[in-house]
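This report looks at side-chain contacts and surface features. It moves from a surface patch to charged pairs, then to aromatic rings.

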Amino acid sequence: VQDLKNKGYSGDINLNFILKGNPDNFFTDLKIQSEKLVLSGFPVDNLDIDIQANNHEMNIGQFYLEYEQNPLLVNGFMVYSPLNYNMSVLAKDFNLEFLGLNQDVKQANGIANIDILFTNTETKGKVMLDNFFFITKDGKTDVNNINADISVVDRKLNINRLDGGYNGGTFSIDGDLDVPAIPEDFMKTKRLELGKFEVNATLNNVGLRYGEDIDFALTGDLVFTENNLYGTLNVDSGEIRAIPDFNGNTKTVSEAEQAKINQEKTIIEGVVEEVVDKILKQYTVDINIQTSRNLKINIPSVSLAKNIKGQVLGESRILYEEGEMSILGNYSVRNGSFVLNGNNFSLDTAEIRFTNENENLSSMNPFVVLEASTNIDGERIEIGMNGYLNSSEVSLKSSSGLSREQVLSLLAFNTRTGNSENGETDDEDVSTDSANAAILGTLVDNALNELIFSSVTGKIGETFGLTNLSINTDFKNGT
């Protein structure tokens, strides 16, 4: 109790709680009343909760409280099978500062007015938000000055206004959608049935983050319907600091495990799953994406390569239909550089061109142009590629025409081998050359796959699902 007081909880409550039966046949009754209560520093008046439930239905006789003299009231019932429900939510000039109860929230405020009735035959009411702010302590979410006017008539939700600031930019959304229906198996799956909708979104320098390693800001327009997503987006700025894992992990679970997952799943998670499934199974996506010089590569290290830098530019059209994705467009890395085995490379040219819209991700074979160079012991060394990825060859050249083995030796050890004064190479030199080739073959394999193509295909292609692009170099055999 003392610990709760130290955390800002205080007040007197009257509590009555009953629970009897087993998971398949139970009854519970919860009643809580308090005239004045402080929850993590937030004063709540006239709290009155009266809820009963069993394995067939739930009844909310009343969930009532006042915050800063503004009321919030929820009441109604839900019968699980056959599904029947009647719920109402009423809030007048309700201060949303209470969202700051979450320990991860730095600031939350704004005013909400809600008056909605949900039944299995109709939904009606409205939701109003005024100057809503929500800022997390980690700085990843900064929502500010959100204003909304949403009405519900005849099971149709109309977004008359929804706009404000998000992570350094602004957005506006309008449109309408069917109020999601609650299916018979909702308590088991937590998934709602989505109806028809058409939502228009305009973004202006809206900041987003992928994982911990990619930040970017988007400007553009999107149209989102029950069957299509299309529009144009421009990457105004961004930074790529590491190569994240875009593949994700898939795991097969048993029926019992899936039942447990569904039981623990929140309603929000269920709604998100339904939207994602709908997109994957029946969506058509057609989005044009452009990048500018302000999208930076700044990666401290990838395997053997260090201090990877550059600017990503380009444009592409992303197509998705019947579960298959394809890409048309070009991307390049400009002003690129990296350090490999202590050698400073300039990435003179790095381009990837997606030219065939009939190729899906599993069969994609983009055209790659690559030129990287460095100077070692007064010798200019160049690594190059020009051709379709699946059939391309890596070239190695030097300014004075050194052999391939000598170039590899310079890259690996900063020394030249196989370079006798009479033009002949003895058996020991041949053995050394072979060993050097084998060592550096592995070195450059890693560098090209994880560095150069990570900069182009890994950073651009993998973002859209290109996870299987790689090349193999066999320097000993000259390929």
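## Surface patch

Leu15 is found in strand β2 (residues 14-22). Strands (E, at least two residues) and helices (H or I, at least four) are DSSP runs, numbered from the N terminus. The model is predicted: local features need pLDDT of at least 70, side-chain atom pairs count only at pLDDT 80 or more, and totals for chains, interfaces and linings use all residues. Residues are numbered from 1 along each chain as its sequence is written, and side-chain values use heavy atoms, with hydrogens and water left out.

Leu15 has a relative accessibility of 51%, so the residue counts as exposed. The classes are buried (under 20% relative accessible area), exposed (over 50%) and partly exposed (in between), with a 1.4 Å probe and protein chains only. Ile13, Leu15, Phe17 and Leu19 make a nonpolar surface patch of about 430 Å². Patches take residues with over 30% relative accessible area and no salt bridge; nonpolar side chains (Val, Leu, Ile, Met, Phe, Trp, Tyr) are joined within 5 Å, like charges within 9 Å. Accessible areas come from the Shrake-Rupley method with a 1.4 Å probe; for residues, only the protein chains shown count as cover.

## Salt bridges

Side chains of opposite charge can pair when their charged atoms come close. The whole structure holds 14 salt bridges. Each needs a side-chain nitrogen of Lys or Arg within 4 Å of a carboxyl oxygen of Asp or Glu.

Lys31 and Asp29 meet in one of them, at 3.0 Å from N to O. Lys31 is partly exposed, at 32%. Asp29 is buried, at 14%. Lys36 bridges to Asp45, with the closest N and O atoms 3.6 Å apart. Lys36 is exposed, with a relative accessible area of 59%. For Arg161 and Asp163, the closest N and O atoms of the salt bridge are 2.8 Å apart. Arg161 is partly exposed, at 40%. Elsewhere, salt bridges link Arg209, Asp215, Glu239 and Arg241 in a network.

## Aromatic pairs

A pair of aromatic rings is described by the distance of the centres and the angle of the planes. Here, rings of Phe, Tyr and Trp (its six-membered ring) pair if their centres lie within 6.5 Å; planes under 30 degrees apart count as stacked, over 60 as edge-to-face and the rest as tilted. By this rule there are seven aromatic pairs. Why is the pair of Phe197 and Phe224 edge-to-face? The ring centres of Phe197 and Phe224 are 5.4 Å apart and the planes stand at 65 degrees, so the pair falls in that class. The pair links distant parts of the chain, 27 residues apart: Phe197 lies in strand β13 (residues 197-210), Phe224 in strand β14 (residues 214-225). Phe197 is buried, at 13%. Phe224 is partly exposed, at 26%.

Phe338 and Phe345 form a stacked pair, 4.9 Å centre to centre with 5 degrees between the planes. Phe338 is buried, with a relative accessible area of 3%. Phe345 is buried too, at 3%. Ring pairs also join Phe42, Tyr67, Phe94 and Phe98 into a cluster.

## A buried glutamine

Gln406 sits in helix α5 (residues 404-413). Its relative accessible area is 6%, so Gln406 counts as buried. A polar atom of the Gln406 side chain lies 2.9 Å from the backbone nitrogen of Ser403.

Notes:
Polar contact = N/O pair within 3.5 Å; in protein donor to acceptor, adjacent residues only side chain to side chain.
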